[in-house]
Every structure is written in C-alpha cells, then in structure tokens.
Amino acid sequence: MSTNPFGEVPVLPVAVPVGAVVFLLQLALLLRGQRFTRPRAAVAAAIAVYAAGIFANTVFPIFLNPTPRSEPWEPALALIPFQDYELADALTNLAVFIPLGILIPLLMRRPSWWKVLLTSAVVSLTIELLQLAAQKLFSGGHVADVNDFIWNTFGGILGYVIFVLLTRVPILSALADRFRWHTNPGAAPTA
C-alpha cells in the first residue's frame, strides 16, 4: 500500500457513479420500449448495485503512487488453470456470479443456458481485462487470473440453473414474470 494518503483512488466516488450510469441506462431502455414497471425498475436497480459492487471489489484498489520497487514490475497474469488456486477463491468467485445468472434471464426475451454462459464469460473476461489494465496503468491490487474467469462463468451458469429450478414452482414463476423485461406467454427458460 502506498504511504501517500492520496495515492489510492477512493472506491465510492468511482463505483457509485458507475452504478448510477448503469441504472439510468437501463431506465432509459425501459422507458424507450414502454416497458417501465416498478418490478422491472427493481431489476434495473439490482443490476446497477451488482455492477457497482463487482466493479469496486474486482478493480480496486488502484494506487496512483505505488511504493518504489528495486526491479521492473510486470503485471501479474495467471494463465495456467487450477495452479496455485485455493478452494476458497473458487467458491467466492462462484458465489459472486450466481446473482448474475439469476438476473440475466430476467432481461432476455428467450433466456437459455448458452446465452447466460456467453454473457457470464464476457462479463468475467471484461473484469479480468480491467484488472490487468489497472495493474499495468495504476499498480492495481488484483491479479488477472484464468481461474477467476472459469469459476465466474461457472457461477453464472449455476445461477441460471437455480433460476430455472425456481421458476418451475408455479408461484415463483408467476412472481418472476412480474420482473421479466420481456413477456413471452407460455415461454419458459430452457435448461
């Protein structure tokens, strides 16, 4: 950690606007498509809070004035799967992406496992690339790791499986229908 108290970028002044922008963009989409309802706005709020939280916890800390090193610094990048990776890290990444796997199908007209897989993979890859960029540009505090990518993506799929199982319960399916951004009568998510 930097000895300069102003050397670390504070998280909240960056993460809160990120969440606000995500929320406002989603509200604009709902209003533009004349699909605005309070439950759909609640999904937009949940996604905005989730996005801000993920951003804050995966990209930060960022150090503007890192402590000097005696040797040249190379960004950390772990490309070998399952090497030097702890079970606790795997379970954390899995758990963090379960909500994404539950939220994604609420946004899609025809949700499917492969769409959730692709979306989870793209979100995870974006996080890992942001971590690598933060390291390279600002001495960020995270390692870009292929294992994180794998477990994040798997967490998104697990969230989708949970969503599918819950929507097989009639009362929960009716409740989920209130929060879906697109209505498809008779269409159920595909496993």
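This is a predicted model: local features need pLDDT of at least 70, side-chain atom pairs count only at pLDDT 80 or more; totals for chains, interfaces and linings use all residues.

Colleague: What does Leu-118 form together with Trp-113, Trp-114, Leu-117 and Val-122?

Modeller: A nonpolar patch on the surface, and the five residues share about 500 Å² of accessible area.

Colleague: Now let me step back. How many helices and strands does the protein chain have?

Modeller: Six helices and two strands. Read from the N terminus, the order is α-α-β-α-α-β-α-α.

Colleague: What share of the residues is buried?

Modeller: Of the 191 residues in the protein chain, 37% are buried. The chain exposes about 11300 Å², with 71% of that supplied by carbon and sulfur atoms.

Colleague: And which share of the contacts links residues 24 or more positions apart?

Modeller: Among contacts with a separation of 6 or more, such pairs account for 79%. Val-22 gives you an example to click on. Val-22 lies in helix 1, and 25 residues separate Val-22 from Ile-47 in sequence, while their C-alpha atoms are 7.8 Å apart in space. Beyond its neighbours within four places in sequence, Val-22 is in contact with Ile-47, Ala-48 and Ala-51.

Colleague: Which residues does the UniProt annotation "transmembrane region" cover?

Modeller: The unreviewed UniProt entry gives that annotation to residues 12–31, 43–64, 90–107, 114–134 and 149–171. You can compare a record like this with the model, span by span. Residues 90–107 are 100% helix and 0% strand, and their end C-alpha atoms lie 27 Å apart. For residues 149–171, the values are 87% helix, 0% strand and 34 Å between the end C-alpha atoms.

Colleague: Next, the backbone. What should I expect of phi and of peptide bonds?

Modeller: In general, most residues other than glycine have a negative phi, and most peptide bonds are trans.

Colleague: Where does Gln-34 lie, then, and what is its phi?

Modeller: Gln-34 has its place in the loop between helix 1 (12–32) and helix 2. Its phi is near 50 degrees, a positive value in a residue other than glycine. Gln-34 counts as exposed because its relative accessibility is 76%. Phe-82 also has a positive phi, near 65 degrees. You will find Phe-82 in the loop between strand 1 and helix 3 (87–107), and Phe-82 is exposed, with a relative accessible area of 55%.

Colleague: Which peptide bond here is cis?

Modeller: The bond from Phe-60 to Pro-61 is cis, with omega near 10 degrees. Pro-61 lies in the loop between helix 2 (38–59) and strand 1 (77–78).

Colleague: How many aromatic pairs does a search of the whole structure find?

Modeller: The search finds three. In one of them, the rings of Phe-55 and Phe-60 have centres 5.8 Å apart and planes at 80 degrees, so the pair is edge-to-face. Phe-60 is buried, with a relative accessible area of 5%. Another pair joins Tyr-160 and Phe-163, and it is stacked because the planes are at 20 degrees, with the ring centres 6.5 Å apart. Both Tyr-160 and Phe-163 are buried. Because they are three residues apart in helix 5 (residues 146–166), about one helical turn separates them.

How values were computed: Residues are numbered from 1 along each chain as its sequence is written. Side-chain values use heavy atoms; hydrogens and water are left out. Helices (H or I, at least four residues) and strands (E, at least two) are DSSP runs, numbered from the N terminus. Buried means under 20% relative accessible area, exposed over 50%, partly exposed in between (1.4 Å probe, protein chains only). Contact means heavy atoms within 4.5 Å. Accessible areas come from the Shrake-Rupley method with a 1.4 Å probe; for residues, only the protein chains shown count as cover. UniProt positions are given in the numbering used here, feature names are shortened, and annotations may be inferred rather than shown by experiment. Patches are made of residues with over 30% relative accessible area and no salt bridge: like charges are joined within 9 Å, nonpolar side chains (Val, Leu, Ile, Met, Phe, Trp, Tyr) within 5 Å. A salt bridge is a side-chain nitrogen of Lys or Arg within 4 Å of a carboxyl oxygen of Asp or Glu. Rings of Phe, Tyr and Trp (its six-membered ring) pair if their centres lie within 6.5 Å; planes under 30 degrees apart count as stacked, over 60 as edge-to-face and the rest as tilted.
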